[in-house]
Amino acid sequence: MDMKQLELLKSAAEEYAQNNDLYVVEINVSKDNDIDIVIESDTRDIELDDCVGLSRHVEDQLSRDIEDFSLTVGSAGLSSPFKVVRQYRKYVGSEIQITRASGSRQKAVLESVGEEGIEITYEESVKVEGKKKREKQTRREIVPFTEIKSAKPVIKF
């Protein structure tokens, strides 16, 4: 896909998203012009009509006469890792699973999101002096984005 078509694609997707309480998480274009657009909303779940509407809007802006393409529009999904900081904000107050750059995994409650990282709370068993039994204590920690390999919501049924 040439640069002009790519810019047209991005601006059409952003325009539709902004006008429909959505935002674009990611746009991928393969060498065969297979376009994948992932969308999310700060305030609600993504519906099929959102995907169809965005797809039609983008298709109206691009010309298949210039370059043929296939287009897929979908939501970020509950099992997908966060790609942009804005996704973290939707889950403040919820449990998330973090995979750190070191490879360790941890479940914690997302308390807040800042420019440089996130603040989490989690339960930890600690040995208390003079007692045989370990006690659970709530820990609060700020985790820089540079230390996060991936993060996603914890799904509870």
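Three helices and eight strands make up the secondary structure of this chain. The model is a predicted one. Read from the N terminus, the elements follow the order α-β-β-α-β-α-β-β-β-β-β.

**Overall form**

The chain has a radius of gyration of 20 Å, whereas a compact globule of 157 residues would have one near 15 Å. Along the principal axes, the C-alpha atoms fill a box of roughly 80 × 30 × 30 Å. Of the 157 residues, 36% are buried. The accessible surface is about 10,000 Å², and carbon and sulfur atoms hold 46% of that. Now take the contacts with a separation of 6 or more: 49% of them link residues 24 or more positions apart.

Why is strand β2 largely enclosed by the rest of the structure? Five of its seven residues are buried, so the strand is largely enclosed. Buried here means under 20% relative accessible area.

Strand β2 pairs with β1 and with β3, as the table shows.

| Pair | Sense | Bridges | Residues |
|---|---|---|---|
| β1 and β2 | antiparallel | six bridges | β1: residues 23-29 |
| β2 and β3 | parallel | six bridges | β3: residues 70-75 |

Individual residues mark these pairings. Y23 stands opposite E40 in β2. The hairpin of β1 and β2 has four residues between the strands, and N33 there takes a positive phi near 65°. On the β3 side, I39 has S75 as its bridge partner. To get from β2 to β3, the chain passes through helix α2, residues 48-61. This β-α-β crossover is right-handed.

Definitions and conventions. Residues numbered from 1 in each chain as written. Predicted model: local features only at pLDDT ≥ 70, side-chain atom pairs only at ≥ 80, totals over all residues. Heavy atoms only, no water. Buried < 20%, exposed > 50% of the residue type's maximum accessible area, 1.4 Å probe, protein only. Helix = DSSP H or I, 4+ residues; strand = E, 2+ residues; numbered from the N terminus. Pairing = 2+ DSSP bridges. Right-handed = clockwise from strand over helix to strand, strands pointing away. Rg over C-alpha atoms; globule rule 2.2 N^0.38 Å. Contact = heavy atoms within 4.5 Å. Areas by Shrake-Rupley, 256 points an atom, 1.4 Å probe, with all protein chains shown as cover.
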